[in-house]
Amino acid sequence: MELNKDINQFDIPLAKRTYLNNKYSTLLKKLLIFSPFLFLIFSIAALRFIKIIKLEPLNNLKFQVERNHDGRILGHLPYNETPKEKLVLIEPNIAVHIDMRDSLLEMREEAKKDGIYLVFLSGYRSINLQNDIFYSLKSIRNQEAADRARVSAPPGYSEHSTGFAIDIGDASQRETDFEIDFENTNAFRWLIKNAAKFHFKLSFNKDNKYIDYEPWHWRYEGSIEALKVFESSNRKL
Ligand SMILES: [Zn+2]
């Protein structure tokens, strides 16, 4: 009896333990059954989280690119053609935007006082004319568009279509017209020193990595309209 009692004493806690074990094993079984689903849910959550972290800088970059995207082609910005009513003739074959006429003529007069004779070579050019220049010269010189774009803007991308650009030569050294050598003329030296007073600025300087240096090509930025036209160009990328 004593032994039986002892066994019984053992039995009770043992049975209880078994019961507890059973309870845990059921839970364990359930966990095992659901573990693939739980794993899947956690994986998806983790992947989504990682994706968000990874995409964050990419999204910022995309935004940056869109903001900086200014429609350049081969380094040239797009320009609209100035309406005919805003153009005035300053020479029999040279028209410019009305806003810049007075400044341009004044500049020529001032230069004359210093013994410098500026010659106006080219002002407003329609997109059609720019088309002829770009494509005919390209074929004559046997150049590809990308090479040609270094020395001439593709149609629709020339500052000359705005009426605010002017090509200038030195009357005493016509052989330097449209040549880099123009930078060695007195006219060029005078312009570098004085053009800003008349709101003129060299468009393509030596720092431009896309377009060749054009010492003869100047643009006017002395009116609100002109500033608006060249705003993108003046914005540092
Ligand atoms: Zn030009």
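**Reading burial and the nonpolar core**

Visitor: Which residues of H5 are buried?

Guide: A residue is buried if 20 or more other C-beta atoms lie within 10 Å of its own, exposed if 12 or fewer, and partly exposed in between, with C-beta atoms placed from the backbone. In H5, the buried residues include Ala187, Phe188 and Leu191. They span an arc of only 95 degrees around the axis, so they lie on the same side of H5; the arc is that of the directions from the helix axis to the C-beta atoms. Ile192 and Lys193, on the other side of H5, are exposed.

This is a predicted model: local features need pLDDT of at least 70, side-chain atom pairs count only at pLDDT 80 or more, and totals for chains, interfaces and linings use all residues. Residues are numbered from 1 along each chain as its sequence is written.

Visitor: What covers the buried residues of H5?

Guide: Helices (H or I, at least four residues) and strands (E, at least two) are DSSP runs, numbered from the N terminus. The cover includes strands E3 (118–122), E4 and E6.

Visitor: How many residues has the largest nonpolar core?

Guide: Such a core is a set of buried Ala, Val, Leu, Ile, Met, Phe, Trp, Tyr and Cys residues joined through C-beta atoms within 7 Å. The largest has 28 residues, and Met100, Trp218 and Ala226 are among those with the most contacts inside it. H2 supplies its largest share, 4 residues.

Visitor: Is Ala146 buried or exposed, and why?

Guide: Ala146, in helix H4 (residues 145–151), counts as exposed because it has 10 C-beta neighbours inside 10 Å.

Conventions:
Two residues are in contact if their C-beta atoms, placed from the backbone, lie within 7 Å.
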